[in-house]
Amino acid sequence: MDRWQNRVAVVSGASSGIGAACARLLVAAGLQVVGLARRTERLQKLRESLPEEQRKRFHQHACDVSEEAQVDAAFEWIERELGGVDVMVNNAGIVLGGQLIDMPTKDIASTLQTNLMGSIYCTKLAASSMRRRQVAGHLFFVNSTAGVAGYKPDPADESLNAYTPSKFGLTAVHEICRQELIQKGSKIKTTSINPGWVATEIVPDETKAKLGEVILQADDVAQAVMYALATPPHAQVEQITLRAVGEYF
């Protein structure tokens, strides 16, 4: 991890769950971390919870990634204050209740706008920053087993509606980015992290109770990010799929 010391990592959806776990590990590893989230009070609490010597490396910026103008403003601030982006962790995501065939169209649009377009907005700007400065950076996509081939949930489970197509879309975005960066002769890496059920705020309490111990923790996913980031420059971990022991789908 020596080559990442004081490099800049941006984590979307950093106020809780997987994003907060990623931010903690990245700061502890010596990176400058910019946490993006709508809930700035959560970001402040995250900063205050860090060891004192690490707090100076955690930066926060209010940003709803579903709003392109807010993403643009956040990245302009990062360029101006920190010099650019070296690592991008696309983590922000939502899941809303209902079934795709019945739920309000605005809820479908919100899900796709946050989970898919938000990642695209951040990825475009992060990749541009890396390429402009000729940095062999790393783009991460915190995806889901709901977005990979073979996904077949239990019919008794509640539908994930627009969340599933948003994650399948993210799988395609990751692959297209990987191919386009190769075509441009770039050394930027891309990695899709595909966890199963994770004990975060977006998972309903009833689902957590049903799963019991058969569920991942946010730190498990963050550790997967760190593993891929720590690989040598010539090696690229394209995908990591992880499930709790005993999770079937």
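Modeller: In this predicted model, helix α1 passes helix α8 in a right-handed crossing.

Colleague: What makes the crossing of α1 and α8 right-handed?

Modeller: A crossing is right-handed if the near helix is turned clockwise from the far one by less than a right angle, and left-handed if it is turned anticlockwise; α1 passes α8 in the right-handed way. The helices themselves are DSSP runs of H or I with at least four residues, and strands are runs of E with at least two, numbered from the N terminus.

Colleague: Why are α1 and α8 called oblique to each other?

Modeller: The axes of α1 (residues 17–28) and α8 (residues 218–229) come within 8 Å and cross at roughly 45 degrees, where axes are lines fitted to C-alpha atoms, for helices over the stretch in contact, and angles run from 0 to 180 degrees between N-to-C directions. Angles under 35 degrees count as roughly parallel, over 145 as roughly antiparallel, 65 to 115 as roughly perpendicular and the rest as oblique, and α1 and α8 are therefore oblique.

Colleague: How do you know which residues of α1 meet α8?

Modeller: Contact means heavy atoms within 4.5 Å, and on the α1 side Gly17, Ile18, Ala21, Cys22, Leu25 and Leu26 take part, meeting residues of α8 that include Val221, Val225 and Leu229. The residues of this contact divide into 11 nonpolar, 2 polar and 1 charged, where Ala, Val, Leu, Ile, Met, Phe, Trp, Tyr, Cys and Pro count as nonpolar, Asp, Glu, Lys and Arg as charged, and the others, Gly among them, as polar.

Colleague: What makes β3 and β7 the edge strands?

Modeller: Two strands pair if DSSP finds at least two bridges between them. The open sheet of 7 strands has the order β3-β2-β1-β4-β5-β6-β7, with parallel pairing, and β3 (58–62) and β7 each pair on one side only. For β7, 4 bridges link it to β6 (residues 189–195) in the parallel sense, and Ile193 stands opposite Ile240.

Colleague: How do you know that both faces of β4 are covered?

Modeller: Buried means under 20% relative accessible area, exposed over 50% and partly exposed in between, with a 1.4 Å probe and protein chains only; in β4, Val87 and Val89 on one side and Met88 and Asn90 on the other are all buried.

Colleague: What stands behind the numbering and the values?

Modeller: Residues are numbered from 1 along each chain as its sequence is written, and side-chain values use heavy atoms, with hydrogens and water left out. Local features need pLDDT of at least 70 and side-chain atom pairs count only at pLDDT 80 or more, whereas totals for chains, interfaces and linings use all residues.
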